[in-house]
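Please give a short report on the structure shown here.

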Amino acid sequence: MAHKRLVTIVGATGAQGGAVVRSLIATGKYKIRGLTRDATSEKAQAVKQLSDNIEMVSCDIGKPEDVQRAFKDSWTVFAVTDFWAQPHQPEVEIQQGQAMSDAAATLQIPYFIFSTLEDTMKLSGGK
């Protein structure tokens, strides 16, 4: 069997990350490292059960050393910040994004996909 490239998915148990995980599984072409706050959680274990090509890793994306460790050996990273952290603070998301982009640059990861958007509840008037 050919070597499978490692794709690391931040927020693998969430809506965006979970969708990316399922899409990559469908291709059968990649080894997947799913990042989550707690790799022992029920949601993380459910993701792990989706395929033999998934490893779940605990990572605090606010800690550069955690991010560096979790991104190691990745070919691609799909990154999202933790918007839902309470209390929500935009500066925390900025720090998370900076830690992830710095780690990707330091590790010379060929593909770094950063998914972000405005506050959709605010933009849609709460709909």
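## Around T76

T76 touches L6, V7, T8, I109, Y111 and I113, leaving aside residues up to four places away in sequence. Contact means heavy atoms within 4.5 Å. T76 sits in strand β4, residues 76-79. Helices (H or I, at least four residues) and strands (E, at least two) are DSSP runs, numbered from the N terminus. T76 counts as buried because its relative accessibility is 7%. Buried means under 20% relative accessible area, exposed over 50%, and partly exposed in between, with a 1.4 Å probe and protein chains only.

This is a predicted model, where local features need pLDDT of at least 70, side-chain atom pairs count only at pLDDT 80 or more, and totals for chains, interfaces and linings use all residues. Residues are numbered from 1 along each chain as its sequence is written, and side-chain values use heavy atoms, with hydrogens and water left out.

## The largest pocket

The largest pocket holds about 820 Å³ of space. Of the 30 residues that line it, V80, T81, D82, F83 and W84 are the closest to its centre. A pocket is found on a 1 Å grid over the protein atoms alone: it is an open set of points where a 1.4 Å probe fits, with protein on both sides within 12 Å along at least five of seven lines, and lining residues have an atom within 4 Å of a point. Its volume is the space filled by probe spheres set on the points, which are joined across faces, edges and corners.

α1 (15-27), β2 (30-36), α4 (90-106) and α5 (120-123) each supply at least two lining residues. α1 gives the most, with three. The lining divides into 10 nonpolar, 13 polar and seven charged residues. Here Ala, Val, Leu, Ile, Met, Phe, Trp, Tyr, Cys and Pro count as nonpolar, Asp, Glu, Lys and Arg as charged, and the others, Gly among them, as polar.

## Salt bridges

The structure holds five salt bridges. Each is a side-chain nitrogen of Lys or Arg within 4 Å of a carboxyl oxygen of Asp or Glu. One of them joins E55 and K31, with the closest N and O atoms 3.8 Å apart. E55 lies in strand β3 (residues 54-58) and K31 in strand β2, so the pair ties together parts 24 residues apart in sequence. K31, R33 and E55 are linked in a network of salt bridges.

D66 pairs with R69, the closest N and O atoms being 3.5 Å apart. Both lie in helix α3 (residues 64-71), three residues apart, about one turn of the helix. D66 is buried at 19%, whereas R69 is partly exposed at 43%.
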